[in-house]
Amino acid sequence: MQQNQWILDEVDHATKQGIEVDVNGIHYNRKTSARLSRVLEKGSYMLDYEGDMAGHIVALHIDLVGPSEQPSYKSLRCTKIEPKAGKKKRNEKK
């Protein structure tokens, strides 16, 4: 089972209801369904439902979710810092 099968199920339901669907700004149709499953495997996606003034869903937008900027740090993992040669640790006696 695919990781993003729930998105494909939601797209299928929306198209059956006559709701317009776009993925990253590109209009989706049934002819591109196999391609959509390959696209969805390449990242994390967010579904955004668009409603009209009466509260009915009229469009489904699927957008790739990712950081807006690359982090300035290399990693969140702590690294062990070795003491410099010649300096004694606080606990060591002179």
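In this predicted model, helix α2 buries L36, S37 and L40. Viewed down the axis of α2, these buried residues fall within an arc of 100°, so they line one face of the helix. The face of α2 turned away from the buried side carries R35 and R38, which are exposed.

The cover over the buried residues of α2 includes α1, β1, β3 and β4. Helix α1 spans residues 5-16 and helix α2 spans residues 33-40; their axes come within 10 Å and cross at roughly 145°. The crossing of α1 with α2 is right-handed. On the α1 side, I7, L8 and V11 make the contact, and they meet L36, S37 and L40 of α2. The residues of this contact comprise five nonpolar, one polar and no charged.

The strands pair through β4, residues 57-65. Strand β1 (residues 20-23) runs parallel to β4 and is joined to it by four bridges; within this pairing, V23 has I62 of β4 as its bridge partner. Strand β3 (residues 44-51) pairs with β4 in the antiparallel sense, over eight bridges, and M46 is bridged to D63 in β4. The hairpin of β3 and β4 has five residues between the strands, and G55 takes a positive phi near 90° there.

Notes:
Residues numbered from 1 in each chain as written. Predicted model: local features only at pLDDT ≥ 70, side-chain atom pairs only at ≥ 80, totals over all residues. Heavy atoms only, no water. Axes fitted to C-alpha atoms, helices over the stretch in contact; angles between N-to-C directions. Helix = DSSP H or I, 4+ residues; strand = E, 2+ residues; numbered from the N terminus. Left-handed = near helix turned anticlockwise from the far one by under 90°. Contact = heavy atoms within 4.5 Å. Nonpolar A, V, L, I, M, F, W, Y, C, P; charged D, E, K, R; others polar. Pairing = 2+ DSSP bridges. Buried < 20%, exposed > 50% of the residue type's maximum accessible area, 1.4 Å probe, protein only. Arc of directions from axis to C-beta.
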